[in-house]
Amino acid sequence: MGAIESLLKADLKVVVKTGDVKGAGTDSNVYCCLIDDKGFKSRNILLDVKWRNDFEKGNLDEFDIRNVSNLSNVVSIELWRDQKGVNDSWFVEYIIVKHSNYTSPFPCNRWIEANKKYVFYIFNSSLPQYDPCLSQRKQELEANKVKYIFTNNSEVPKQVANLPIEENFSFSYKWDVVSRKIKLITQAKLTGLLTSEKWTTIGDYLKLYKGIFPVPYGFNNWQSDEKFGEQRLRGCNPVLIQLCKKVPDNFPVTNEMVSQFLDGFTLEETIEKKQLFIVNLAILENLILENGRTVCAPMALFYANKNGTLLPVAIQLFQKPSEENPIFLPSDPQYTWLLAKMYFNNADCSLHQSCTHLGLTHLLCESICVAAHQNLSLNHPVFQLLAPHFLYIMAINSLALKNLVSPGGWIDKTMTIGVSGLMEILKRSWQTFKFDRDCWLPNDISARGVGDTEILKNYFYRDDALLIHEAIVNYVTEILSRVYDTPDKLKTDYEVQNWAICLSDETNGAGIKGVFGNGNFDDLNDLIKFVASVIFICSVGHAAANFCQYDEYAFPPSYPAMLTGKIPSSKAPLTMQDIINQLPNKETTLDTMAVTKMLSERGTNELGTFEIQYLFRPEDVAAVERFKSALAEISNKIKKRNEELSTPYPYLDPKEVPNAISI
């Protein structure tokens, strides 16, 4: 090799990925120093290509490094920058050192402050008691405790008091709800329907469904009892149905009323055969709403017949029985029974939006995320395992609460309960919430008595969720069992133990009741269950509650968020016109369609395909690949089943389930 060729040949390459977060790019001068496995250091290296604008947001920049041939395997890197340039903030996702004989990855995922030297080591993942850069680690955690502070409101899951810059994303334009809503309606050429007029016929709704607004599944067979039963198993809120072991005393259903709907069996016989189910929305009783609105607090009994079809057999719209609060039956006048089902669904969707969706996915996961930032270093293996599932959670919650769950916003305009009712329902639910009962899927299925696949044959939420839950548990178990290969490593991991305390601490922490271990993660199984549950909620739990919203809400008669007439208090016959008169006007319907269509967009990659790589150890990378392979098998199974269904249930196909709550 000639002298000139020798000078031109790079000894190694340094690859730098600048993060895709708002303000991530920098015009500063960036320097690094490479350190090998023998402790030898390179010179201070300026990372710069003269003809290129390096370190732009989302960029991957590669630098040829020469005259460092004395280094063996690079195992550590020092990184710093100056304050040159107008835009000197810089967020680094990772750095990779490439040599002909080896590749050394250095995950960063940090803002790099000016004139401060950062040290990253290969894989950058360790328990605190073994961290070679402990001082830097402690300083970063102390800074996080200042940035990530809980709100004081303990009546609902706590949020971050002020959104840190790290949590911003670069596509907040998606949450300009007003302009995007108008754009969607304009694209569909529906602006002529933006009026306060009522609908005149059910057929008029078909004028809405074209182009970007397809016919929602809820439009099909919406009056049937079969459809009403299906909604308990595969609708927006499939987590309420439970086995009826005894009909409540305040629900005075008799055999004479319902035996004809139970294939001739008595209530006692169907209970004994475990074919009778109930949804009891007593949590909504005596809810005081604004503008004179009322939401029911209903109960309904459902019978799973020999074919596995779930059918309603009785509905009582309020908790206290009386002549003005009759028990409605399928044998009642057609439209009277139909309106009773619609008012039940109006109550169901009130609980769906307040708790199942907002409270127990969005806000609960933000609370857990804040606690993680306060107590777990970015270098902690548990944080790195969870980080892809926390992506955008704080930003999306901040924007959603501002644009949707604010006085005069979308909830107030389109839902009977309005914002004040929504928050009151969430407060009531949070009082009785227990993480280990409500968020560990096998416990939830068992507690509700809905695990029998022969009796409830079409409970697709349960079936699909359990498949993915098992894959998540296996993935988490593989990684954490390797991290904590001895009990002592877990017990002496003060970061994860502090996190456990913070999660349960009602005064200064998240105040989550029922955390596995009760504020102590000494048992590895408790930690595995908690981490797996968090990943499940951020992905599967949110997908089940969120992505069927357009199909359910976009045809209001099927799942009405708002009803505007008189709640039926007798079995007097009604007409279809009486039903139509109860429905929200055209503008409110379009509002509901547009926003639920926006909410149906996927904001992150499919589960297991992570936007940001946090795990770089070869054995962890292999675990992720096994996780993705398991999810692919589940996806194929669900797709094959859906091909045989007249109305598929695609929402928990892993290809459709995002990693995080990002919409």
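Predicted model: local features only at pLDDT ≥ 70, side-chain atom pairs only at ≥ 80, totals over all residues.
The chain splits into domain 1, residues 1-124, and domain 2, which is built from 352-555 plus 587-644. Where the domains meet, domain 1 puts in 10 residues and domain 2 puts in 11. The size of an interface is often given as the accessible area lost when the parts come together. Here, that buried area comes to about 960 Å², with carbon and sulfur atoms giving 56% of it. If you want to look at particular side chains on the domain 1 side, go to Asn109, Arg110 and Phe123: this trio supplies 48% of the area that domain 1 buries against domain 2, more than any other three residues.

Next, the helices. Find α2, at residues 134-147, and α7, at residues 334-375. These two pack at an angle of about 145°, and their axes are 7 Å apart. On the α2 side, the contact is made by Leu141, Asn144 and Lys145, while α7 brings His373, Gln374 and Asn375. Sort those by class and you get 1 nonpolar, 4 polar and 1 charged residues.

Now move along to α8, residues 381-390. How many of its residues are buried? The count is 10 of 10, so this helix is mostly covered by the definition of buried as under 20% relative accessible area.

In the loop between α3 (177-187) and α4 (225-234) you'll find Lys189, whose phi is near 55° although the residue is not a glycine. Asn221 belongs to the loop between α3 and α4, and its phi is near 60°. Are these residues buried or exposed? Lys189 is exposed, with a relative accessible area of 70%, and Asn221 is exposed at 52%.

Two other loop residues are on the buried side. Gln275 sits in the loop between α6 (267-272) and β10 (276-280), and Gln275 counts as buried because its relative accessible area is 12%, under the 20% cut-off. What does Gln275 touch beyond its sequence neighbours? The contacts are Thr270, Phe302, Tyr303, Ala304, Asn305, Lys306 and Ile455. The side chain of Gln275 also makes a polar contact of 3.1 Å with the side chain of Lys273. Leu243 is 32 residues away along the chain, yet its C-alpha atom is 7.7 Å from that of Gln275.

The last stop is Asp332, in the loop between β13 (327-328) and α7. With 11% relative accessibility, Asp332 is buried. A polar atom of its side chain lies 2.7 Å from the backbone nitrogen of Leu329. Setting aside neighbours within four places in sequence, Asp332 is in contact with Ile327, Trp337 and Lys571.

How values were computed. Residues numbered from 1 in each chain as written. Heavy atoms only, no water. Axes fitted to C-alpha atoms, helices over the stretch in contact; angles between N-to-C directions. Helix = DSSP H or I, 4+ residues; strand = E, 2+ residues; numbered from the N terminus. Contact = heavy atoms within 4.5 Å. Nonpolar A, V, L, I, M, F, W, Y, C, P; charged D, E, K, R; others polar. Buried < 20%, exposed > 50% of the residue type's maximum accessible area, 1.4 Å probe, protein only. Polar contact = N/O pair within 3.5 Å; in protein donor to acceptor, adjacent residues only side chain to side chain. Domains from an automatic or database assignment. Buried area = accessible area lost by both parts, 1.4 Å probe.
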